[in-house]
Amino acid sequence: MGFAVMSLTDAAAGRVRSIVESAGGEAKGIRISIKKGGCAGMEYAVDLVSEPNSKDDLVEHDGAKVWVAPEAVLYLLGTQMDFESTTLRSGFTFNNPNQTSACGCGESVELKPADLAALAARGDAVVRAN
């Protein structure tokens, strides 16, 4: 694949590397997926990867490896993953152009599939089936 489904900030890459180093020898990175849940309907899921799934898309930045589940790709196209730490919480954040709303507590979101025609019009890379 000639483009990345999503991008990582330096802070997100640093946190992924830290998680992998703390997890031990078999950890290779993390996997991002989308699951149903929460009051807005969907949640981002972050899991440790020891054995990558060959169907997942791989995003790499500054030594960090993040795999994206195939069923999440259309919801994550154009997303920037970041990591933030505040007085009240720390965790990954997702600046996702496909997010239409979020619940008040910020734990769940409503997502729509990416508009591939709009991406093509902007000149972004689009995967075409042969």
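Student: In which strand is Ser33 found?

Tutor: Ser33 is found in strand S2. Strands (E, at least two residues) and helices (H or I, at least four) are DSSP runs, numbered from the N terminus. This is a predicted model, where local features need pLDDT of at least 70, side-chain atom pairs count only at pLDDT 80 or more, and totals for chains, interfaces and linings use all residues. Residues are numbered from 1 along each chain as its sequence is written, and side-chain values use heavy atoms, with hydrogens and water left out.

Student: Why is Ser33 called buried?

Tutor: The relative accessible area of Ser33 is 9%. Buried means under 20%, exposed means over 50%, and partly exposed is in between (1.4 Å probe, protein chains only). Ser33, at 9%, is therefore buried.

Student: What is Ser33 in contact with, leaving aside its neighbours within four places in sequence?

Tutor: Contact means heavy atoms within 4.5 Å. By that rule Ser33 is in contact with Glu43, Tyr44, Ala45, Asp47, Ala69, Glu71 and Ala72.

Student: What makes S2 and S3 a pair?

Tutor: Two strands pair if DSSP finds at least two bridges between them. S2 and S3 have nine, in the antiparallel sense, so they pair by that definition. Ile34 stands opposite Tyr44 in S3.

Student: In which sense do S2 and S5 pair?

Tutor: They pair in the parallel sense, over three bridges. In S5, Val68 is the bridge partner of Ile32.

Student: Why is the Tyr44 and Phe94 pair called stacked?

Tutor: Rings of Phe, Tyr and Trp (its six-membered ring) pair if their centres lie within 6.5 Å; planes under 30 degrees apart count as stacked, over 60 as edge-to-face and the rest as tilted. Tyr44 and Phe94 are 4.1 Å apart centre to centre, with 20° between the planes. Tyr44 lies in strand S3 and Phe94 in strand S7, so the pair ties together parts that are 50 residues apart in sequence. Both residues are buried.

Student: What makes Phe83 and Phe92 edge-to-face?

Tutor: The angle between their planes is 70°, and the centres are 5.6 Å apart. That angle is over 60 degrees, so the pair counts as edge-to-face. Phe92 counts as buried, at 16% relative accessibility. The structure holds two aromatic pairs.

Student: How do you know that Asp10 is exposed?

Tutor: Its relative accessible area is 55%. That is over 50%, so Asp10 is exposed. Asp10 is found in helix H1. Asp10 and Phe83 are 73 residues apart in sequence and 8.6 Å apart in space, C-alpha to C-alpha.

Student: Why does Arg17 count as partly exposed?

Tutor: Arg17 has 28% relative accessibility. Arg17 lies in helix H1. Not counting residues up to four places away in sequence, Arg17 touches His61, Asp62, Gly63 and Ala64.

Student: Why is one side of S1 and of S7 left without a neighbour in the sheet?

Tutor: The open sheet has three strands in the order S1-S6-S7, with mixed pairing. S1 and S7 stand at the edges, each with a single partner strand, so one side of each has no neighbour there. Direction ignored, neighbouring strands of this sheet are turned by 25° against each other on average. S1 and S6 (residues 79-85) pair in the parallel sense over three bridges. Leu8 stands opposite Met81 in S6.

Student: Where does H1 lie?

Tutor: H1 lies across S1, S6 and S7, running at about 70° to S6. Axes are lines fitted to C-alpha atoms, for helices over the stretch in contact, and angles run from 0 to 180 degrees between N-to-C directions.

Student: What makes a set of residues a nonpolar core?

Tutor: The members are buried Ala, Val, Leu, Ile, Met, Phe, Trp, Tyr and Cys residues joined through side-chain atoms within 4.5 Å. The largest nonpolar core has 28 residues, of which Met6, Val16, Ile32, Val68, Leu76 and Met81 touch the most other members. H1 gives the most to this core, with four residues. Leaving aside its neighbours within four places in sequence, Val16 is in contact with Ile30, Ala64, Lys65, Val66, Met81 and Phe92.
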